[in-house]
Amino acid sequence: MPDSPLHKFTLVLEPLPGPAAPVGGYQRLRDTPPDGCRVVDDGPPLVLECHRLAPSRADAVVGLVAEIRERYGIAHADDLGIEKLWEWSTDDFGVDVTVQLLLMALRRAELLGWDVEDAVRLMRASRTRS
């Protein structure tokens with residue numbers, strides 16, 4: 001992705017109720033964070049500061065979340081450290097709010113026994129645009 005811009009963001013991993021991370025997943029993440037990331041607080045919660053190349057900011061976060069799930073077995077990276085989720089803008093902060101809300105909602109839906117298709121069905125049913 002040589003033409004992709006560099007996106008800087010924070011990812012917070014705080015253990016939530018539900019399936020536990022594989023033994024050693026957090027320690028491996030602390031010891032060898034993903035490329036472009038560094039541990040800024042080893043928590044809990046564990047906080048990563050990341051600089052990632054991707055076509056969009058959302059792609060950068062989604063790619064990192066997928067990598068953490070696949071490489072470390074941690075499936076609840078759902079916080080970008082945003083405290084005022086009700087505030088809105090159309091810049092990178094707006095992207096961060098949207099991504100964080102979606103990640104949080106999917107994690108909580110999973111805890112309730114929903115699968116991805118349940119969440120997608122709700123999103124499609126509530127669309128305001130075609």
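Predicted model: local features only at pLDDT ≥ 70, side-chain atom pairs only at ≥ 80, totals over all residues.
E70 is exposed, at a relative accessible area of 63%. Helix α2 covers residues 57-72.

## The sheet

An open sheet is formed by 3 strands in the order β1-β3-β2, with antiparallel pairing. Its edge strands are β1 (6-13) and β2 (37-41), each of which pairs on one side only. From one strand to the next, the twist averages 25°. Helix α2 packs on this sheet and touches β1, β2 and β3, and its direction makes about 45° with that of β1.

Strand β3, residues 46-53, pairs with β2 over 4 bridges in the antiparallel sense. V47 in β3 is the bridge partner of D41, and L48 in β3 is the bridge partner of V39. The antiparallel pairing of β1 with β3 runs over 8 bridges; within β3, E49 stands opposite T10. Strand β3 is largely enclosed by the rest of the structure, because 6 of its 8 residues are buried.

## The β2-β3 hairpin

The hairpin of β2 and β3 has 4 residues between the strands, and G43 takes a positive phi near 55° there. G43 lies in the loop between β2 and β3. Its relative accessibility is 30%, so G43 counts as partly exposed. The C-alpha atom of G43 is separated by 10.0 Å from that of R30, a residue 13 positions apart from G43 along the chain.

Side chains of opposite charge can pair when their charged atoms come close. The whole structure contains 8 salt bridges. One of them joins E49 and R38, whose closest N and O atoms are 3.5 Å apart. This pair links distant parts of the chain, with E49 in strand β3 and R38 in strand β2, 11 residues apart. The two partners fall into separate accessibility classes: E49 is buried because its relative accessible area of 18% is under the 20% limit, whereas R38, at 48%, is partly exposed.

A salt bridge also connects the side chains of E67 and R52, at 2.8 Å from N to O. Here too the pair links distant parts of the chain: E67 belongs to helix α2 and R52 to strand β3, 15 residues apart. R52 has a relative accessible area of 14% and so is buried. E67, at 21%, is partly exposed, since the buried class requires a value under 20%. R52 and E67 are also part of a network of salt bridges that includes R71.

## Nonpolar surface patch

L112, W114 and L122 make a nonpolar surface patch of about 340 Å². L122 is found in helix α4, which spans residues 116-125. The relative accessible area of L122 is 49%, so L122 is partly exposed; the exposed class would require over 50%.

Notes
Residues numbered from 1 in each chain as written. Heavy atoms only, no water. Pairing = 2+ DSSP bridges. Helix = DSSP H or I, 4+ residues; strand = E, 2+ residues; numbered from the N terminus. Axes fitted to C-alpha atoms, helices over the stretch in contact; angles between N-to-C directions. Contact = heavy atoms within 4.5 Å. Patch = residues over 30% accessible without salt bridge, like charges linked within 9 Å, V, L, I, M, F, W, Y side chains within 5 Å. Areas by Shrake-Rupley, 256 points an atom, 1.4 Å probe, with all protein chains shown as cover. Salt bridge = Lys/Arg side-chain N within 4 Å of Asp/Glu carboxyl O. Buried < 20%, exposed > 50% of the residue type's maximum accessible area, 1.4 Å probe, protein only.
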